Amino acid sequence: MTKNDEYIVDIIDYGMDGEGIAKIDNITVFIQGALKNEKCKIHITKVLTNYAYAKVVEIIDKSSKRAEIDCKTYPRCGGCLLRHISYDETLRIKKQRVQNLVNKMLENANEIKVEDTIGMEEPIFYRNKAIYPISNDGKVGIYAKRSHEVIPFEECKIQTKISQEISKYIMQNWKDTIYDEYTQKGLLRNIMLREGFATNEIMVVLVQNGEDNIVNKAESVSTCDTSTKIKLKSFDVDKLLEKFPQIKTVVVNINTENTNVILSNKNITIYGNGCITDILCGYKFNISSNSFYQVNHTQTEKLYSLAIEKAKLTNDDILCDLYCGIGTIGIIASKKVKKVYGIEIVKEAIEDAKENARINNINSIEFINGDVETAFEQLLKNKINPNAVIVDPPRKGLDEKTIENICKLQLKKFVYISCNPATLMRDLQKFQQTYNIHTITPVDNFCYSSHVECIAVMSLK
């Protein structure tokens, strides 16, 4: 097999990112855009030692699970890799992905139930956070797959319509330079928007390579003062607010580093108080520009409600919410337990969490700013002995020390929420010495992408 060879193949399975898999002379070939049970003519694009990549030239026998493409930027965009597949089939693919990892990595796999993926009733326009890159010629869009090429879009099917309208309006009326990542010159780098789906409040964040265009930046905007006190030379914020009255706050984020990280820690609020509110599972939450908040409101309510339900909490429980962010899980669970301790490394998120506890009148919760690895261990040294733990770590999963401490606690109630099934299985391997794994429930928070959230429920052996 060599590059540019062509074959007619049967697609026998799906890969980790939903790509089709075929076998040619015992070589596994990954084919983006092909579906299981299809017969396709393919063109080899890359050959490695034990596997290869290919693209579809012609679909000879089409699967009944193939969907009509409803997006003009697909498949060049790197967002919805599964948009050519029916939604029900994407849910089945995600369940099978989790099941395959269980079978491959965990002991007693036949005793662990992988439940059906919990899907979304209307899996479109669901993201409450949008980050739009900008091309050098001033077009707002989406990055092409595996590149930094900006593709202008007519309509994105996962970002909300209002966020797309606002981003396009800003670019049409921007009167300054655009950042060039190669020369590191220019001003505007990205436009970020956050929305409260239950409140209709919108935050606009302009990510800039400097602050020379800010007028009167010495004037601070006091909390809850919604008058515009700071102006931009590059853009008329008043006209933006007049056109989109849903906008509650406008923030300029100053990022002068040569990095792929979108936001720095330096924010200048030029309108509003720098945050918006949303209501999740009946509780009100303040969200600032740098805070972590799940991007799919509808599915997050299902995710958190199910995780808390599966923990089987009681009024006598002391709960630790590790990687607590702005306090969402701990606050939602607080009425069911005696006490909650939340730990989070991002200082701004902890400040938001404390304010969120206050506005929801939650007195039985304490938030700690620090690295979970050290702060959780210090909490245990201070003779705090939780009998229930819920963890929701970033994609890299848990560190060795936290795993060790959770095993030492010998918890009766332990729930692991994960956004990365691979690191989840790696960590579950280590927990299996102490805990039984009962169920793993996939939840589709990122519809039509290859990503999937999981809830793993464990009990002491």
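The legends below describe close-up views of a predicted model.

**View 1**

**View 2**
Strand 2 and strand 3 (residues 20–24) run antiparallel and are joined by two bridges. Within this part of the sheet, Asp13 is placed opposite Ile21 of strand 3. Strand 3 also pairs with strand 4, in the antiparallel sense and over five bridges. Here Ile21 stands opposite Phe30 of strand 4. The hairpin of strand 3 and strand 4 has two residues between the strands, and Asp25 takes a positive phi near 50° in this hairpin. Strand 4 is paired with strand 6 in the parallel sense, over five bridges. For Thr28, the bridge partner in strand 6 is Tyr51.

**View 3. The second largest pocket.**
The volume of the second largest pocket is about 620 Å³. Its lining comprises 21 residues, of which Glu19, Gln32, Tyr53, Lys145 and Arg146 are the closest to the centre. Two or more lining residues come from each of strand 4 (27–32) and strand 6 (51–61). The most is given by strand 6, which provides five residues. Sorted by class, the lining holds ten nonpolar, five polar and six charged residues.

**View 4. The largest cavity.**
Rolling a probe the size of a water molecule over the atoms shows where empty space is left. Over the whole structure, three cavities of 30 Å³ or more are found. The largest cavity holds about 70 Å³ of space. Its lining is formed by Cys71, Thr73, Tyr74, Cys77, Gly79, Cys80, Arg83, Ile142, Cys156 and Lys157. This lining is made up of six nonpolar, two polar and two charged residues.

**View 5. The second largest cavity.**
The second largest cavity contains about 60 Å³ of space. Residues that line this cavity are Phe292, Tyr293, Tyr304, Asp321, Tyr323, Cys324, Gly325, Ile326, Thr328, Ile329 and Asp392. Seven of the lining residues are nonpolar, two are polar and two are charged.

**View 6. Ile390 and its surroundings.**
Ile390 is part of strand 22. Its relative accessibility is 1%, so Ile390 counts as buried, the limit being under 20%. Residues up to four places away in sequence being left out, Ile390 touches Ile308, Leu319, Cys320, Asp321, Leu322, Ile329, Val415 and Ile417. Two of these residues, Asp321 and Ile329, are also found in the lining of the second largest cavity. Asp10 lies 380 residues from Ile390 in sequence, and the C-alpha to C-alpha separation in space is 43 Å.

**View 7. Helix 8 and its packing.**
In helix 8 (residues 400–409), the buried residues are Thr402, Ile403, Asn405, Ile406, Cys407 and Leu409. At the start of the helix, a side-chain oxygen of Asp399 comes to within 3.1 Å of the backbone nitrogen of Lys401. Just after helix 8, Gln410 has a positive phi of about 50°.

**View 8. Asn360 in a loop.**
The loop between helix 6 (347–359) and strand 21 (365–369) contains Asn360. With a relative accessible area of 13%, Asn360 falls under the 20% limit and is therefore buried. When neighbours within four places in sequence are set aside, Asn360 is in contact with Tyr283, Lys284 and Ile331.

Note on methods: Residues numbered from 1 in each chain as written. Predicted model: local features only at pLDDT ≥ 70, side-chain atom pairs only at ≥ 80, totals over all residues. Heavy atoms only, no water. 1 Å grid on protein atoms, 1.4 Å probe; cavity = no way out; pocket = protein on both sides within 12 Å on 5 of 7 lines; lining within 4 Å. Points joined across faces, edges and corners; volume = space filled by probe spheres on them. Helix = DSSP H or I, 4+ residues; strand = E, 2+ residues; numbered from the N terminus. Nonpolar A, V, L, I, M, F, W, Y, C, P; charged D, E, K, R; others polar. Buried < 20%, exposed > 50% of the residue type's maximum accessible area, 1.4 Å probe, protein only. Polar contact = N/O pair within 3.5 Å; in protein donor to acceptor, adjacent residues only side chain to side chain. Pairing = 2+ DSSP bridges. Contact = heavy atoms within 4.5 Å.
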